[in-house]
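Please work through each task before turning to its solution.

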Amino acid sequence: MFFQTLVTGLAIGGIYALMAVGYSLVFSVLNFSNFAYGSIIMLGAYIAYFAMVKLGAPIWIALILSIVGAATLCFLNERLAYSPLRKRRASSLFFMISAMGTAIFLENLVYALIGAHFYSFPEVFTRTNLSFHGVAIGVLDVFAIVFSSVSIYALHMFLQKSRTGIAIRAASYDIQVCSLNGVNNSALIGLVFALAGALAGVSGTFLGMKYIVYPTMGWITNKAYIAAVIGGLGSLPGAVVGGILLGVLETFVSAYVSSVVRDVFSFSLLVLLLLVMPTGLFGRYLEEKV
Amino acid sequence: MASRPVLDLRGVTKLFGGIVACKDISFTLPAGQIMGLIGPNGAGKTTAFNLITGVYRVTAGSIRMEGEAITDQRPDRIVRRGIARTFQNIRLFRNLSVLDNVIIALDCHETYRLGASFLRLPGVRRRERALREEALSFLGSVGLQDKAAVRADAMPYGLQRKLEIARALALKPRLLLLDEPAAGMNPEESLDLARLVRRIHDQFKLTTLLIEHHMDVVMALCERIFVMNFGVQLAEGTAEEVQRDPDVLKAYLGEGFKRAQHI
Amino acid sequence: MLQYVFGVISLGLIYVIATTGLAVFTGFTGLFSLGHAAFFAIGAYTAAILTYFYGWNFYLALLAGAAAGGLVGFLIGYPTLKAKLRTDYFAIATLGFGEAVRVLLENLPITQGARGLPGIRGDTNLPVLLVASAIVIWAAWNLIHSRHGRAAIAIREDFVAAEMMGVDIFMGRLRSLTFSAACAGLAGGLFAHYFCFIQPSMFTAYMSTQMTAAVVAGGMGSISGPVIATLIFIGIPEALRVANIWRLVAYGLLLVLIMAFRPQGLMGYRELSLDLFKGWFRRPGKGGKP
């Protein structure tokens with residue numbers, strides 16, 4: 001039971017980590033919480049689902065389509081909704097409202113056009129459980145863990161080694177200095193959103209496979225916010241650690257206490273952290289210059 | 001009449017992680033004096049202001065106002081004790097009118113209760129009228145009474161600076177902290193500002209601490225000057241003393257100046 | 001037909017009361033409450049339980065509902081505002097809170113859980129609503145034009161500068177939140193006695209969303225704007241018989257468009273919103289002066 005819960009926890013943690021990293025990428029560069037991110041994740045799931053069901057595509061193709069689709073949508077969201085605000089140097093309040101509006105728009109558009117049905121992904125794996133030392137472990141969970149790790153590692157390599165990646169990391173410290181150093185801020189931001197979108201595609205697909213696809217599944221990004229706070233706002237490694245920790249803790253609470261309490265637990269954890277340790281585990285020292 | 005110094009800093013230190021913003025800063029400001037706080041950029045002057053007004057917490061040391069400790073108190077409490085400051089980068093309420101900016105400052109010492117606000121009792125109405133008039137008179141003291149209805153950020157830079165000062169005055173402080181009030185002004189405007197500060201000081205008997213880079217303003221106004229560099233005290237004394245201090249000359253003008261002198 | 005129109009107006013006025021409160025909070029302190037429907041629900045259940053199970057007088061029950069909402073608002077606000085959460089994290093915390101209240105309402109015996117409370121007395125009628133909304137709007141207007149209102153505006157404009165003007169940020173925000181929660185509670189009580197049946201699923205994010213959208217569209221910094229926007233949001237879809245889902249799609253899109261093109265909303269950034277009306281009626285060229 002313990003081991004099973006742990007594996008499930010890690011799988012969920014991996015997905016949370018993906019979402020948290022995608023969220024933190026945007027947060028660290030633009031200093032705002034993209035409330036629309038959840039709806040991108042949801043659309044990623046829908047794209048993968050319909051690719052498999054309507055187009056008969058195998059899971060790999062569905063995943064790729066989801067990644068590409070979500071990346072494009074996230075990028076478009078930035079260009080259409082946030083760029084005008086950036087150009088006007090609007091305060092973060094306006095970004096938040098715009099993000100909320102986008103989320104509400106997308107969620108309900110899906111509701112209105114596709115309907116509120118819950119869609120279940122078709123079976124992907126021939127065997128649902130592996131047997132490991134006599135304990136049943138979900139194959140999907142293993143895949144989720146592997147895939148999340150690979151994605152995060154790939155992103156890490158990109159950020160560390162490539163020129164664009166370094167530019168992104170620089171932007172997360174001070175975006176204005178970046179443009180003074182010749183970086184095309186608009187293009188960079190667009191890329192950051194596209195990357196976040198790609199991560200959303202992966203997490204959305206796995207969430208859809210593990211659970212169900214439905215229009216408001218995007219609310220799960222609340223977990224991403226919590227994970228980001230645990231790990232420390234603005235820190236990408238922190239987001240990963242936070243995501244995994246949250247996934248594992250939550251799953252244990254759900255298994256050993258009650259699943260109803262699970263979400264209340266997570267939110268309480270959030271409030272507690274923000275009261276007691278707002279910089280999280282790896283957060284940067286942020287004091288406003290007056 | 002011996003009175004306690006309006007401001008007394010002892011051993012004030014502020015560290016940001018590994019960066020030393022202020023180290024062991026100590027000085028005393030007696031009532032009614034205008035003191036200048038000068039030093040190259042990054043010397044820690046604005047940090048000192050932020051520590052005095054409670055925006056930052058001290059890492060070590062104590063700050064006293066008229067004998068009572070105000071170290072690490074909440075900024076709004078310190079303001080109500082009688083310290084007002086202006087900002088290096090003007091921080092007006094840009095979307096509000098000039099008059100509203102001053103009224104908000106006057107609200108600081110206003111005391112009518114929340115319940116009375118909800119019901120808009122006659123007492124409240126009277127106080128509101130009185131506040132408006134008082135605000136207009138403060139605007140008058142800096143020459144802005146005609147701009148009362150104008151949006152704060154629609155005014156030219158020089159007038160915005162004056163509004164900053166009017167706002168600070170409306171807080172009815174016993175100590176006024178001015179952070180580079182002449183920044184961005186040409187020599188004529190700076191002198192105008194210096195005269196304004198002198199007039200305010202004399203009219204309201206305001207103890208004043210002034211950060212400035214315009215040396216003509218500093219020398220004209222300040223009875224005493226405190227010099228900082230890299231977060232530590234460099235010199236302290238009257239204008240003449242400080243102008244002749246070799247450490248000060250070196251910090252401001254560099255080694256080259258000294259060498260050049262000897263040629 | 002007339003009955004139908006009165007019905008729409010009544011519903012509109014109920015929401016006007018709640019939205020006016022939210023306008024004071026969001027519009028004037030600049031913080032978002034995404035869980036405001038929770039205060040609405042608390043007021044509804046408190047008033048309904050008091051009249052249904054304990055035979056209380058309708059008006060006293062309404063006051064109790066408002067007080068309950070306000071009290072909970074104060075309790076929630078105290079820790080979250082003390083922690084000086086950033087706007088987005090405060091919003092997330094309120095979201096969590098809304099979720100927690102819903103879970104509570106579904107599981108407490110006295111609220112009869114998800115089945116809801118039927119058979120509530122229909123004491124709410126148009127005259128009551130007209131008087132109640134007039135009182136709330138009048139009180140809100142008075143608040144805004146007092147030193148307490150100015151403090152809230154200062155906080156929204158620049159909270160660092162506000163602190164330097166002697167404004168107690170924490171108390172200013174807490175006061176606004178408590179007032180807005182009490183308004184929502186009052187509206188909830190009126191709601192319960194209008195529909196005569198309440199259940200937890202009626203108080204959803206949809207409701208919070210609509211209220212926030214009305215505040216933004218009406219103009220943050222005005223009382224009249226959100227009132228007008230609320231009446232439009234309730235009235236027009238009813239008149240056009242638009243389904244709830246498409247309303248939400250429209251709200252979402254509206255928020256994005258408003259932020260992009262007219263962030264000040266309908267009434268603009270004015271705290272003295274009625275002056276605008278006076279301006280419209282003033283004759284061209286200052287009347288009277290030669």
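This is a predicted model: local features need pLDDT of at least 70, side-chain atom pairs count only at pLDDT 80 or more; totals for chains, interfaces and linings use all residues.

Residues are numbered from 1 along each chain as its sequence is written, and chains are lettered from A and ligands numbered from 1 in the order in which they are written.

**Exercise 1. The fold of chain A**

Determine the secondary structure of chain A and state how compact the chain is.

Solution. 
- Step 1. Chain A contains 11 helices and two strands. Helices (H or I, at least four residues) and strands (E, at least two) are DSSP runs, numbered from the N terminus.
- Step 2. The order along the sequence of chain A is α-α-α-α-β-β-α-α-α-α-α-α-α.
- Step 3. Chain A is as compact as a globular protein of its length, because its radius of gyration of 19 Å is close to the 19 Å that the globule rule gives for 290 residues. The radius is taken over C-alpha atoms, and the rule is 2.2 Å times the number of residues to the power 0.38.
- Step 4. The C-alpha trace of chain A spans about 60 × 45 × 35 Å along its principal axes.

**Exercise 2. The surroundings of Gly201(A)**

Is Gly201(A) buried or exposed, and with which residues is Gly201(A) in contact?

Solution. 
- Step 1. Gly201(A) belongs to helix α8 (residues 185–210) of chain A.
- Step 2. Gly201(A) counts as buried because it has 33 C-beta neighbours inside 10 Å. A residue is buried if 20 or more other C-beta atoms lie within 10 Å of its own, exposed if 12 or fewer, and partly exposed in between, with C-beta atoms placed from the backbone. In chain A, 52% of the 290 residues count as buried.
- Step 3. Beyond its neighbours within four places in sequence, Gly201(A) is in contact with Gly44(A), Ser66(A), Ile67(A), Gly69(A), Ala70(A) and Ala71(A). Contact requires C-beta atoms, placed from the backbone, to lie within 7 Å.
- Step 4. Ser66(A) is 135 residues from Gly201(A) in sequence, yet their C-alpha atoms are 5.0 Å apart.

**Exercise 3. The domains and sheet of chain B**

Solution. 
- Step 1. Chain B is assigned domain 1 (1–82 + 173–263) and domain 2 (92–170), with bounds from an automatic or database domain assignment.
- Step 2. Two strands pair if DSSP finds at least two bridges between them.
- Step 3. Strands β1 (residues 7–16) and β4 (residues 60–65) of chain B are joined by five bridges; Asp8(B) has Arg64(B) in β4(B) as its bridge partner.

**Exercise 4. The largest nonpolar core**

Which residues of the largest nonpolar core touch the most other members?

Solution. 
- Step 1. A nonpolar core is a set of buried Ala, Val, Leu, Ile, Met, Phe, Trp, Tyr and Cys residues joined through C-beta atoms within 7 Å.
- Step 2. The largest such core has 277 residues, of which Val21(A), Ile17(C), Met165(C) and Ala187(C) touch the most other members.
- Step 3. Helix α1 (residues 2–30) of chain A gives the most to this core, 17 residues.
- Step 4. The contacts of Ala187(C), leaving aside neighbours within four places in sequence, include Ile17(C) and Phe40(C).

Technical notes. Two residues are in contact if their C-beta atoms, placed from the backbone, lie within 7 Å.
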